[in-house]
Amino acid sequence: MMSSVRKFILSVAFIAAFVLYVFTRKGPPESVTPIAVVPQTRTVSSASAASVPKPKSISSARAQTARYRDGSYNGKKVSSYYGDVQVAVTISVGRISDVTFLAYPQDRGTSKAVSGRAMPILRSEAIAAQNAPVDIVSGATELSGAFNKSFASALSAARN
Amino acid sequence: MKQSADIMGMPIRLEIVDSGVGEEPFAEVFAYFRDIEARFSPFREDSEVTLLNRGDSTRETCSPLLREILARCEQTKEETNGYFDIRRADGKIDPSGFVKGWAIKQAADLLLLKGWKHFTVEAGGDIQTHGLNAEGSPWRTGIRNPFNTKEVVKILLLSGEGIATSGTYERGQHIYDPHKPGEAITDIMSMSVVGSDVCEADRFATAAFAMGREGIRFIEGLPGCEGYMIDREGIGTETSGFAVYTLSHVRTA
């Protein structure tokens with residue numbers, strides 16, 4: 001049977017060990033704004049992987065786009081509500097290497113650097129399709145159709 | 001009650017959920033948009049804008065309303081370091097990029113004046129919201145997936161704010177830098193801006209999209225605006241205050 005003194009010393013030792021453990025544990029890492037975050041799922045809505053084209057591996061991309069001949073091709077000038085849209089597509093080594101606007105409704109203006117103030121890291125995430133119902137949807141509409149038509153006609157010209 | 005009409009080359013959609021709503025406000029709003037089209041469309045032979053571009057009128061002799069619109073466009077050009085510019089390459093002016101959002105806001109103000117409280121006004125993907133939807137919740141507003149226009153990738157709760165999305169929806173062709181094989185040139189697919197009203201949202205969304213990836217930082221720096229940008233890799237980037245619109249807040253009409 002242990003003497004009371006021994007019991008006392010043992011208890012103190014346990015308590016000391018516990019206190020030491022609590023105070024030497026590392027706290028949670030400093031919060032850093034994550035660069036890529038899995039989107040939070042809400043209780044009502046569910047999210048699923050959004051349809052996003054996956055970049056193909058180089059070899060399959062090469063095989064896929066081998067049908068494009070190298071060179072620069074102007075798409076048709078297509079009118080939209082905002083004005084004319086016309087794109088030029090450059091093919092290098094059988095792949096699309098550049099798309100430039102020959103005509104675009106809003107002049108992009110002289111290229112000026114946006115003020116280089118220090119900015120917080122902005123939260124980014126892979127987009128995810130939301131399956132919950134909505135009342136209304138915001139999206140670019142009209143201009144995109146004109147871009148698509150001009151782009152498609154440039155690719156047609158580039159095909160073998 | 002919901003109605004839509006094709007005006008200014010785009011669908012104009014109006015939904016009013018106040019009780020007792022009839023045909024009248026819909027007729028008034030569509031008539032308003034038709035009037036705006038007649039007055040300011042650069043594609044109408046006899047519009048005020050065409051007259052100005054032809055030299056048949058000047059900034060001094062044109063209508064006060066057109067003068068005001070031009071002044072707002074000039075102001076927007078300054079605020080966006082020239083990324084918003086209504087002057088085309090051929091020297092003619094085309095204020096359509098400003099008029100769209102502005103007209104939606106004017107139409108919404110018209111409805112408020114008539115006592116309507118719970119509605120959305122939309123023109124070509126830009127939306128002004130007021131009050132609550134039919135279920136009594138802020139308007140559930142989706143942001144379209146630029147890679148699949150049948151999907152939405154964000155749902156926002158708006159009541160009084162405006163949202164505008166500028167973008168392009170090519171079918172996901174990847175653009176490669178021939179000097180860096182395998183590395184896609186990243187650029188952006190869409191830029192959505194939420195503002196205190198749709199006029200604010202619209203004028204900055206157009207400019208921010210033209211800035212490319214830097215556009216989201218431009219919106220971050222604007223007090224009163226939040227933004228969501230989607231790039232070619234399918235990555236969405238939001239301004240630091242954007243999340244307030246994706247959380248459920250108890251909102252009063």
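Let's start in chain B, where strand E7 (residues 162-167) pairs with strand E8(B) in the antiparallel sense, over six bridges. One of the residue pairs here is Ala164(B) with Val193(B), its bridge partner in E8(B). Before I go on: this is a predicted model.

Stay with E8(B). It spans residues 188-195 of chain B. How many of its eight residues are buried? Eight of the eight, so strand E8 is largely enclosed by the rest of the structure.

E8(B) also pairs with E9(B). Those two run antiparallel and are joined by seven bridges. Look at Ser192(B): its bridge partner in E9(B) is Tyr228(B). A general point while you look at these strands. In a regular strand, side chains alternate between the two faces of the sheet.

Now, the rings. Over all chains, the structure holds four aromatic pairs. I will show two of them.

Take Tyr32(B) and Phe33(B). Why is this pair edge-to-face? The ring centres are 6.0 Å apart and the planes stand at 70 degrees, so the pair gets that label. The cut-off for edge-to-face is over 60 degrees. Tyr32(B) is buried, and Phe33(B) is buried as well.

Next, Tyr228(B) again, the bridge partner of Ser192(B). Its ring pairs with that of Phe242(B): the centres are 5.4 Å apart and the planes at 20 degrees, so this pair is stacked. Stacked needs planes under 30 degrees apart. Tyr228(B) and Phe242(B) are both buried.

Two backbone details in chain B. First up, Met8(B). Its phi is near 55 degrees, a positive value in a residue other than glycine. Met8(B) sits in the loop between strand E1 (2-7) and strand E2 (10-16) of chain B. Buried or exposed? At 1% relative accessibility, Met8(B) counts as buried.

Then Asn81(B). Here too phi is near 55 degrees, positive in a residue other than glycine. Asn81(B) is in the loop between helix H3 (64-79) and helix H4 (96-113) of chain B. Its relative accessible area is 29%, so Asn81(B) is partly exposed.

Over to chain A. Which elements does it have? Three helices and eight strands. From the N terminus on, the order is α-β-α-β-β-β-β-β-β-β-α. Chain A has 160 residues, and 33% of them are buried. On contacts, take those in chain A between residues at least 6 apart in sequence: 61% of these join residues at least 24 apart.

What about the surface of chain A? Pick out Val19(A). It lies in helix H1, residues 4-24 of chain A. At 39% relative accessibility, Val19(A) counts as partly exposed.

To recap. In chain B, strand E8 has eight of eight residues buried, and E8(B) pairs with E7 and with E9(B). Thanks, that's my talk.

How values were computed:
Residues numbered from 1 in each chain as written. Chains lettered and ligands numbered in written order. Predicted model: local features only at pLDDT ≥ 70, side-chain atom pairs only at ≥ 80, totals over all residues. Heavy atoms only, no water. Phe/Tyr/Trp six-rings, centres within 6.5 Å; stacked < 30°, edge-to-face > 60°. Buried < 20%, exposed > 50% of the residue type's maximum accessible area, 1.4 Å probe, protein only. Helix = DSSP H or I, 4+ residues; strand = E, 2+ residues; numbered from the N terminus. Pairing = 2+ DSSP bridges. Contact = heavy atoms within 4.5 Å.
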